[in-house]
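Q: Could you walk me through how the chains in this one fit together?
A: Gladly; here it is.

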Number of protein chains: 2
Amino acid sequence: MMPHGTVEVQTGCVGGGVINLGELGEFGLIGALSSWLPAGPSVLTGIGDDAAVLAAPDGRVVATTDFVIEGRHFRRDWSSASDVGHKAAARSLADVAAMGAVPTGLLVALAAPPDLPVAWLHGLADGLAAECARAGASVAGGDTSRLSSVLLAITGLGDLAGLDPVLRSGARPGDVVAVAGPLGYAAAGLALLTAGATGPAELIQAQLRPAPPYDAGPEAARLGATAMIDVSDGLLADLGHIAAASDVLVEVFSAAVKDPFIRTHCADTDELTCVLTGGEDHSLVATFPPAVDLPARWKVIGSVRPGHGVAGHGVTVDGKPYAGDAGWDHFRR
Amino acid sequence: MMPHGTVEVQTGCVGGGVINLGELGEFGLIGALSSWLPAGPSVLTGIGDDAAVLAAPDGRVVATTDFVIEGRHFRRDWSSASDVGHKAAARSLADVAAMGAVPTGLLVALAAPPDLPVAWLHGLADGLAAECARAGASVAGGDTSRLSSVLLAITGLGDLAGLDPVLRSGARPGDVVAVAGPLGYAAAGLALLTAGATGPAELIQAQLRPAPPYDAGPEAARLGATAMIDVSDGLLADLGHIAAASDVLVEVFSAAVKDPFIRTHCADTDELTCVLTGGEDHSLVATFPPAVDLPARWKVIGSVRPGHGVAGHGVTVDGKPYAGDAGWDHFRR
């Protein structure tokens with residue numbers, strides 16, 4: 001964990017050069033991060049000791065860890081440092097919300113090259129802090145090391161506030177499938193960026209700076225959601241995890257997920273492929289008993305049917321297996 | 001976090017080739033890890049969902065994250081896969097113990113190249129599980145991604161069991177400084193490995209597979225320790241963090257830390273440099289009120305004096321500033 005330190009950090013130019021991480025040093029960096037990352041009310045001991053101490057009033061803690069790797073999850077020529085901070089925090093905090101928990105804190109393990117400008121790190125910290133604030137959490141600690149490119153491993157922590165966690169394994173035949181947040185926007189944004197486009201902002205931003213609806217997670221838990229997951233690998237892949245864990249089949253209605261905004265702006269991209277297999281939106285998809293009165297932000301997109309959701313074959317679209325690849329496997333591509 | 005899956009994993013040779021990570025795939029790997037990593041009693045929801053859920057009976061949770069990077073923290077030609085698992089778990093769990101907490105769980109973010117043999121991953125998992133068992137914890141979840149070399153980011157979680165956390169900031173003039181566990185053994189082992197030696201085992205093993213005295217952490221908290229840290233950067237550097245955080249001076253007695261075992265077996269290494277500046281032992285060093293009756297495994301090695309422990313100048317050896325480098329800075333070397 002980060003040792004203690006508080007320093008004044010000069011992020012501008014001195015003697016004609018931009019100050020970089022190598023000149024700042026590990027302990028300078030930690031002092032800087034601690035001044036850029038305000039601790040929230042759940043953080044009882046923050047940056048500056050062997051470990052953080054966070055409130056866990058429920059008596060259980062929700063904990064998840066995720067990589068965010070340069071060249072794989074972001075490109076520094078597309079994303080600002082603040083974008084990377086937002087995206088890195090969102091990736092873990094959405095997992096916390098997908099358990100039905102309220103995010104409380106984040107641990108940030110940051111590996112970076114010595115020539116990384118300190119101003120970039122300041123932007124990263126600002127993005128992390130801002131996305132944490134969206135979720136009601138804050139950065140409580142972390143670690144730093146040297147690497148040839150930027151790599152983050154982000155741990156998200158959360159509190160269940162007395163509710164049962166919403167697992168992937170509770171979906172039952174007859175449940176409805178509903179989603180809170182956009183589908184396919186991050187993938188459409190990636191396609192646009194790859195083609196050299198700079199808009200529309202809604203799609204580009206969805207890729208660079210996804211904004212998960214964190215409070216929809218605990219809301220779903222209170223509404224009696226039977227299963228929930230965040231859409232990180234792609235809708236079909238992620239619903240496939242629910243189908244397999246719950247031993248059910250999940251049916252998606254294509255008419256309910258098609259999005260005219262994507263169709264209008266991504267003429268070269270197959271809209272349905274984008275919506276069904278594009279990951280990284282970090283929207284929340286959940287199953288609910290059919291009688292639940294869902295708030296407006298939860299859009300029904302399918303239903304749960306009896307059957308056996310064996311890996312990769314548990315989800316159908318309009319009654320038929322989907323022909324293409326369902327989503328992402330880090331080692332096979 | 002790791003999605004669900006259970007698979008039979010063939011780690012041997014098929015068709016003349018060793019099975020590697022690329023052939024196993026991400027979901028095969030996760031299924032394999034979940035079968036190799038038994039969940040302990042603190043894990044309420046383990047590998048296989050968006051996040052883990054762990055017991056936090058104290059109502060607070062201790063949380064820390066640390067990198068373990070190939071070429072920086074280990075070499076695959078020196079360390080077995082199991083060694084790497086032990087060392088990676090120890091690095092975070094020692095931080096948890098250094099807060100005075102009882103380790104409960106570990107999250108493992110693992111990035112690796114596709115040609116990594118699955119048998120190596122099995123060894124890694126065995127080492128992680130065994131070191132967790134030494135501490136009373138277990139692996140509760142993680143993430144996987146592709147990278148050109150092996151990199152782990154390990155999050156350790158723990159419970160304070162009703163005690164106050166032992167911070168770096170509580171040392172008071174008049175306190176004694178005591179250590180539980182060896183000093184300099186990991187650094188001596190590194191010097192021996194670098195010189196091509198294969199023994200003595202106590203020193204080589206200290207580098208490849210440090211064995212922190214986890215239960216000494218909560219023991220120190222119960223004894224009234226005023227400050228504590230684990231020796232990861234080097235004794236002087238880590239005591240320097242206590243001196244700075246507590247705004248005191250720390251005095252180390254060289255006669256109390258010299259170790260004839262290191263002297264005997266490392267003729268080419270300066271014994272005192274090894275003991276004072278060698279990191280990675282993950283022993284626990286703490287300050288105690290002078291009247292405390294310390295158990296035998298806590299060896300007194302110094303005392304706390306009034307003064308201002310400004311960064312890098314808060315620790316003296318036999319009354320004098322130490323002439324060499326005190327420890328490790330990841331970005332400056």
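The chat below goes through the interface, the strands and the symmetry.

Q: Before we start, what sort of model is it, and how are things numbered?
A: This is a predicted model, in which local features need pLDDT of at least 70 and side-chain atom pairs count only at pLDDT 80 or more, while totals for chains, interfaces and linings use all residues. Residues are numbered from 1 along each chain as its sequence is written, chains are lettered from A and ligands numbered from 1 in the order in which they are written, and side-chain values use heavy atoms, with hydrogens and water left out.

Q: OK, how many residues of chain A and chain B are in contact?
A: On chain A there are 72, in contact with 73 residues of chain B, where contact means heavy atoms within 4.5 Å.

Q: And what area is buried between them?
A: About 5,600 Å² is buried between chain A and chain B, with carbon and sulfur atoms giving 60% of that; buried area is the accessible area (1.4 Å probe) that two parts lose on being put together, summed over both.

Q: How many salt bridges cross the interface?
A: The rule finds six between chain A and chain B, a salt bridge being a side-chain nitrogen of Lys or Arg within 4 Å of a carboxyl oxygen of Asp or Glu. One of them pairs Arg168(B) with Asp50(A), whose closest N and O atoms are 2.6 Å apart.

Q: Which element gives the largest share of chain A's side?
A: That is strand S5 of chain A (residues 60-69), which supplies nine residues to the side touching chain B; strands here are DSSP runs (E, at least two residues), numbered from the N terminus.

Q: What does S5(A) pair with?
A: S5(A) runs antiparallel to strand S4 of chain B (residues 52-55), and four bridges join them, where pairing requires that DSSP finds at least two bridges between two strands. Within that pairing, Arg60(A) has Ala55(B) as its bridge partner.

Q: Switching topic, how are the two copies related?
A: Chain A superposes on chain B by a rotation of 180° with 0.0 Å of shift along its axis (RMSD 0.0 Å), and the two copies are thus related as by a two-fold rotation axis. The superposition is by least squares on the C-alpha atoms of residues with pLDDT of at least 70 in both copies.

Q: Which residue of chain A comes closest to that axis?
A: Gly59(A) does, with its C-alpha at 2.4 Å from the rotation axis.

Q: Why do you say the copies meet through the same surface?
A: Because 100% of the interface residues of chain A are also interface residues in chain B.
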